[in-house]
Amino acid sequence: MSTYISLVLSGGGMRGCAHIGVLKRLEELSIKPRFISGTSIGAIIGVLIADGYSADEIQAIFLKSKFGFDFNYLRFTEALLSSKRIEDILKKHLRSKTFEDLKTPLHVCVTDYHTGKAEYLHTGKLLPAVLASSAIPLLYKPVKIEGKLFVDGGVSRNLPTAPLKDKNLPIVGVHVNPLLKSSKKSMTQKIDHNMHLLLLEKTLEASRDCSIYIEPEKLSTHSMFETKTITQLVEIGYSKAKSVLEPELVLGLSGGNLESGL
């Protein structure tokens, strides 16, 4: 017998591979997302879950596709990186073309490029929404959807719980951006750290909506741009989820009475 939840997946670059590990633990306990909300890498993995892929299948996609980042050599003045590889991977593997085709309802968080406000897309074409949600400002071009420009949803809401708060199911939130505690940071780590400081207050606010909040601390030593440690990142997510999601919690989830995991 399955237990149903609402699942929220944060952004965080390649650290988001930890989401796959969390999904593996959910599958072990027969805990299934009935609703999913994601931003950035959380939207990419979220759409694959909603499209019916298992954790092992998603991990295989990431490994075989050599998921990573490409410099935008042809139009470098528009953006530093090209989203073509991400687009090609999604085109190849997504069986659903629209939100309405998905097996599990999905909300994708994007940020309005002109107002800075979060919007939650859940109807219409999938690919533009997911690409917009992962379009990190300066690194990727904004994506135009119905005449409006959107960028990475993590800019406005990196833990997008809002669209699932009225679903009357326990919310499991997964945040893959723990702050690096060490004072010895590389320049890339300092940029990463400072960027997530800006998002921290809203993330903590959103975490209070969660029945269970999973934040794998070991991710703090990994860069959002890592591409060669996918298996390790998945294992970090699984290990943390296993320590939080124990079998006796399934009954509590069923009743929706769990206290926050903070």
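**Figure 1. Ser 30 lies in the loop between α1 and β2 (31–39).** Helices (H or I, at least four residues) and strands (E, at least two) are DSSP runs numbered from the N terminus. The model is predicted: local features need pLDDT of at least 70 and side-chain atom pairs count only at pLDDT 80 or more, whereas totals for chains, interfaces and linings use all residues. Residues are numbered from 1 along each chain as its sequence is written, and side-chain values use heavy atoms, with hydrogens and water left out. Although Ser 30 is not a glycine, its phi is positive, at about 55 degrees. Most residues other than glycine have a negative phi. With 31% relative accessibility, Ser 30 counts as partly exposed (buried is under 20% relative accessible area, exposed over 50%, partly exposed in between; 1.4 Å probe, protein chains only).

**Figure 2. Glu 146 occupies the loop between β7 (143–145) and β8 (148–152).** This non-glycine residue also has a positive phi, of about 50 degrees. Glu 146 is exposed, its relative accessible area being 80%.

**Figure 3. Helices α1 (residues 18–28) and α3 (residues 55–64) have axes that come within 9 Å.** The two axes cross at roughly 160 degrees, which makes α1 roughly antiparallel to α3 (angles over 145 degrees; axes are lines fitted to C-alpha atoms over the stretch in contact, with angles from 0 to 180 degrees between N-to-C directions). From α1, the contact involves Ile 20, Leu 23, Lys 24 and Glu 27; from α3, it involves Ala 55, Asp 56, Ile 58, Gln 59 and Phe 62 (contact means heavy atoms within 4.5 Å). By class, 5 of these residues are nonpolar, 1 is polar and 3 are charged (Ala, Val, Leu, Ile, Met, Phe, Trp, Tyr, Cys and Pro count as nonpolar, Asp, Glu, Lys and Arg as charged, and the others, Gly among them, as polar).

**Figure 4. The largest nonpolar core has 64 residues.** Such a core is a set of buried Ala, Val, Leu, Ile, Met, Phe, Trp, Tyr and Cys residues joined through side-chain atoms within 4.5 Å. Val 47, Phe 62, Leu 90 and Leu 106 have the most contacts inside this core. Helix α2 (residues 41–50) supplies the largest share of the core, 8 residues. Leaving aside neighbours within four places in sequence, Val 47 is in contact with Leu 90, Leu 94, Leu 102, Leu 106, Leu 126 and Val 130.

**Figure 5. A second, separate core has 8 residues.** Among them are Val 8, Phe 35, Cys 210 and Tyr 213.

How values were computed: Parallel < 35°, antiparallel > 145°, perpendicular 65-115°, else oblique.
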